[in-house]
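Here is a short report for a first look at this structure. Start with the view below, then read on.

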Amino acid sequence: MAIRFAIDPRRVYLSGFSNGSMLCHWFAVESPGIVAAIGAVSGGLSAIPSEGCARPPAVRIVHGFLDDHVPFEGGVGSAALDPYEHVAIQRTESWWRGMGATSCGWRRACPDGRGRHWSLGFTQP
């Protein structure tokens, strides 16, 4: 398909929300060099991969600190529809950073008045 449609892997980006963001993480791990960047909203790695990622993409994670489906701190969400242990978002970040992505830090953004804040993740330069 990439040859037929002249797809440039330096310009392939994935984004997803919740389970879709977990799929973005896994696709990037399982298919190194195919994706230039991922944008993951409300989801991190569902488990720490046993092997590394040879060519990590740029990664941006956006996740609410008070998410009760996929907890920021990891574990089982109190409102999860499919309850299982999630990897903490900071652990996801540190795993990607260990694979070669660099952190641009955490920032407080978009408070909604109820104490919810969004955390902006990291990107590879």
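## Reading exposure

A residue is buried under 20% relative accessible area, exposed over 50%, and partly exposed in between. By that rule, R97 is partly exposed because its relative accessibility is 40%. The model is predicted.

R97 pairs with E93 in a salt bridge. Their closest N and O atoms are 2.8 Å apart. Side chains of opposite charge can pair when their charged atoms come close.

Both R97 and E93 sit in helix α2. They are four residues apart, about one turn of the helix. E93 is buried, since its relative accessible area is 3%. The salt bridge count comes to one.

## The nonpolar core

The largest nonpolar core has 14 residues. V29, I38, L45, V59, W95 and W96 touch the most other members.

What does L45 touch, leaving out residues up to four places away in sequence? The contacts are H25, V29, V87, T92, W95 and W96.

## The segment before β1

F5 lies in the segment before β1 (13–17). F5 is exposed, at 52% relative accessible area. Together with M1 and I7, F5 makes a nonpolar surface patch of about 360 Å².

A2 is also in the segment before β1. A2 is partly exposed, with a relative accessible area of 41%. A2 and I34 are 32 residues apart along the chain, and their C-alpha atoms are separated by 10.0 Å.

Methods
Residues are numbered from 1 along each chain as its sequence is written. This is a predicted model: local features need pLDDT of at least 70, side-chain atom pairs count only at pLDDT 80 or more; totals for chains, interfaces and linings use all residues. Side-chain values use heavy atoms; hydrogens and water are left out. Patches are made of residues with over 30% relative accessible area and no salt bridge: like charges are joined within 9 Å, nonpolar side chains (Val, Leu, Ile, Met, Phe, Trp, Tyr) within 5 Å. Accessible areas come from the Shrake-Rupley method with a 1.4 Å probe; for residues, only the protein chains shown count as cover. A salt bridge is a side-chain nitrogen of Lys or Arg within 4 Å of a carboxyl oxygen of Asp or Glu. Helices (H or I, at least four residues) and strands (E, at least two) are DSSP runs, numbered from the N terminus. Buried means under 20% relative accessible area, exposed over 50%, partly exposed in between (1.4 Å probe, protein chains only). A nonpolar core is a set of buried Ala, Val, Leu, Ile, Met, Phe, Trp, Tyr and Cys residues joined through side-chain atoms within 4.5 Å. Contact means heavy atoms within 4.5 Å.
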